[in-house]
There are 2 protein chains.
Amino acid sequence: MSEKKSIYKPKPVSGFPEWLPEVRMVEQRWLDHIRETFERYGFCSIETPSVEELDVIKAKGGDDGADVDKEVYVLERLHKEDGDKDARLALHFDQTVPLARYTAQHFNDLVFPFKRYQMQRVWRGERPQAGRFREFTQCDIDVINIDSLPLHFDAEMPAIIWEVLSSLPGMEKEKIQIRVSNRKILMGLLHEIDADPDEVMRAIDKIEKVGKEATYSILENELYLSGVEIDSVFSLIENKYTPKDIFKLSENNSSSNFLMNEGMKELINVMQSLSHLPEGAVVADLSIVRGLDYYTGTVYETVFLDDPSYGSICSGGRYDDLASSYINKALPGVGISIGFSRLFARILDKGALNTTRKSPADVLVVLPSEDRRTLAAQTAQILRSRGFKVELYHAPKKTGDQMKFASRKGIPYVWFPPFEDGLDHEVKNMDSGEQTKADPKDWSPDE
Amino acid sequence: MSEKKSIYKPKPVSGFPEWLPEVRMVEQRWLDHIRETFERYGFCSIETPSVEELDVIKAKGGDDGADVDKEVYVLERLHKEDGDKDARLALHFDQTVPLARYTAQHFNDLVFPFKRYQMQRVWRGERPQAGRFREFTQCDIDVINIDSLPLHFDAEMPAIIWEVLSSLPGMEKEKIQIRVSNRKILMGLLHEIDADPDEVMRAIDKIEKVGKEATYSILENELYLSGVEIDSVFSLIENKYTPKDIFKLSENNSSSNFLMNEGMKELINVMQSLSHLPEGAVVADLSIVRGLDYYTGTVYETVFLDDPSYGSICSGGRYDDLASSYINKALPGVGISIGFSRLFARILDKGALNTTRKSPADVLVVLPSEDRRTLAAQTAQILRSRGFKVELYHAPKKTGDQMKFASRKGIPYVWFPPFEDGLDHEVKNMDSGEQTKADPKDWSPDE
């Protein structure tokens, strides 16, 4: 470059992750695997715009109202023109508001039960801090129906999530556990003892973080539960059940409360449908309540058994009312959401991902000399037409340089077209070092 | 719902497209096909954050400076906190600024030539108007190298794009044409006749829209070219060449201008490398100049032959300087970009897409009765484990209702688990109506 110009040296923007090609390749494989599993269960894909009208977001609200105000990013044009009266647009901060708006808006064009998956970026305008993303990908599935929704779907969710998470490359499946509960059970008990369900559940939601003693103290001193009442709550939430012994739940907690009994029946039913999963994959854990009063029955969380304080990597539950902010219909649903970026970043941090490949190519075709270019290009085309991913080296450099290039990119095979007519093609397995004669028309990689 | 609450009826936001599931399925197939083709040529995927620092965007600038100011969406938090001193962030309006920033920032971690593809949404804060998207997907490939980049890659671009576009579902390949030129040729001529290359090229770039006469008049009356000079320009740009007769280019335009000769040599070389493409797929057309002085050699546009006024659906070219705004390195490259959303929306509008499937499921498994639920679920699982996409009907409704559901969703096969032990499974091809005995362990769909 002849002119000296001023340079603005770019730096990473806090909270907006970006990966090198070798990491992106694994991320893409994860996303493909998730999508494929969702589709294997018949979920259809939707994508919504990155923005919603601010009024749409405000009509439904977020997890709780205050967060929307603080966390939403609103779009502004750098220079507005006079008379610019567009509706205010905001980047979506979850996929629930968009799903609700989508379902209401396209209600007449959808077939119910509407089973959709959605894997998009969402944005939260949090202050920059380590480990917090301001842009991240969520992978959600939900089933929505009109008026009522069979419990069948509550059981399908953890089965799908187990299938997804347990076979992600780099994931140690014995360290993951899906925890299921049903809010009706604790809700019934709290009605029974006349305690404020929202406040008590909020306290219990934090028990893993703050510990049992601190929770006891909150229930006693701030929410004024008696010792007997606190004991009844604790004896309920401290028991865990596997699909095999879930039948004991109703034995341990006989009650005349309708809601509580209904919740127990539902939870038993859901857990028993999951008995085909490996031991430890799923437990009923009544301390799982989710912070949101949005959920009305089954709830899910997923934790790392060796690091439960990391929090849930995949959560969700059953709700009665998806979209009454937008349409006069009763639309119950059940859904679950993988916090994809957070999960991926953690497994990456642990060094558990194989990130040696900087290119998707299976084969690098060597260019032996400028006058063999046509042959090299044809060789690459034959291999491509057979479904292989092939890079053709661009210049007739020394063979050693071309092989070094393949090695740096992590390309597993190097192909040598003959440097003169009458000779054979050869291909080298870069891992084993073995080099053999081959025909591009019928070559296949080693097992 | 017991309470009457106020409803905010959502409506589409102009410029932010969103599809029903049956259209989204085809869109996804298009994206998969494009990605697969890019990878077959060894391009690696990158994704960048949706935002860049506003200073990064301003340092490089857009297609031309004014547009950045008008078209960029800046993020604002709804309620800023005191002392909030984050850098200003803006949604990217193309993938070139992000690529340049990425290449500079990760320079030491990349292997060059760096071949990357990028398929993301971009945003342009245009005023709402029919047919203009404010959020859309672009599919870009670029090859970047240090100091110099072989012409090989200039020829690879149209070959890849042809392979992508010609086999998209619903696309009539005989109606697409890739047009290639080399800016050095016209640039050389304009230097020779001492005309302002930027102004003349801008005029020529619009010739398809405004016509030859209007262009003549601009060249004569606004840019003061003589009749002889205008004739020399027109005689250059009016000729088209196929890969077979491209050799005539230098015969028709003998010149002593170095730049012009270099451009002709390059264009001939690129075109001759494309002689394996079907007739009409690619032509050399010297009226293609692209509006941007960013491009320095080969340039590409792609048009519908039956509707050239629709403009280019896929454009790009060779540039000398990707990232000198961010790093003190000479980084030449060549790239091409598919305006995905605009192209997809057009083919959709033409009614050329098969959008009958509202579910990815290959098979709907019927639930014969509540006490056959385990068998039905197991049947679904066996089919899934064999790679099929399977929806299990959720309730033991009448068989006719379950079949109607499959039909409304466009699911091609309905599976009937036996309604009592000892009987066979059966499966119905919903298209042909044929129903046959089948075993979930070895069934395969009809050809």
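# Notebook: chains A and B of a predicted model

I began with charge pairs across the contact of chain A and chain B, where the rule finds twelve salt bridges, a salt bridge being a side-chain nitrogen of Lys or Arg within 4 Å of a carboxyl oxygen of Asp or Glu. This is a predicted model, in which local features need pLDDT of at least 70 and side-chain atom pairs count only at pLDDT 80 or more, while totals for chains, interfaces and linings use all residues. Residues are numbered from 1 along each chain as its sequence is written, chains are lettered from A and ligands numbered from 1 in the order in which they are written, and side-chain values use heavy atoms, with hydrogens and water left out.

**Entry 1, the interface.** I looked up one of these bridges and found B:Arg24 paired with A:Glu47, with 3.4 Å between the closest N and O atoms. I then counted polar contacts, and the rule finds 38 residue pairs across the interface of chain A and chain B, both residues at pLDDT 80 or more. A polar contact here is a pair of N or O atoms within 3.5 Å; within protein, one must be able to donate a hydrogen and the other to accept it, and residues adjacent in sequence count only if both atoms are side-chain atoms.

For the extent of the contact (heavy atoms within 4.5 Å), I recorded 110 residues from chain A and 110 residues from chain B. The area buried between the two chains comes to about 9,500 Å², with carbon and sulfur atoms giving 55%; buried area is the accessible area (1.4 Å probe) that two parts lose on being put together, summed over both. Of the area that chain A buries against chain B, A:Tyr8, A:Glu18 and A:Leu78 supply 8%, more than any other three residues.

**Entry 2, strands across the interface.** I checked strand pairing between the chains, counting two strands as paired if DSSP finds at least two bridges between them. Strand E3 (residues 73-77) of chain A and strand E3 (residues 73-77) of chain B run antiparallel and are joined by five bridges, and within this pair A:Leu75 stands opposite B:Leu75.

Strand E16 (residues 425-429) of chain A is joined to E17(A) by four bridges in antiparallel fashion, and A:Val427 has A:Thr436 as its bridge partner.

For E16(B) and E17(B), I recorded an antiparallel pairing over four bridges, with B:Lys437 the bridge partner of B:Glu426.

I looked at omega and found a cis peptide bond from A:Phe112 to A:Pro113, with omega near -5°; A:Pro113 sits in the loop between helix H4 (96-105) and strand E5 (114-123) of chain A. In chain B, a cis peptide bond joins B:Phe112 and B:Pro113, with omega about 0°. I also noted A:Asp194, which is not a glycine but has a positive phi of about 60°, in the loop between helix H6 (183-192) and helix H7 (197-205) of chain A.

My search of the whole structure finds 64 salt bridges over all chains. One of them joins the side chains of A:Glu163 and A:Arg40 at 2.6 Å, N to O. A:Glu163 lies in helix H5 (residues 152-166) of chain A and A:Arg40 in helix H1 of chain A, so this pair ties together parts that are 123 residues apart in sequence.

Key:
Helix = DSSP H or I, 4+ residues; strand = E, 2+ residues; numbered from the N terminus.
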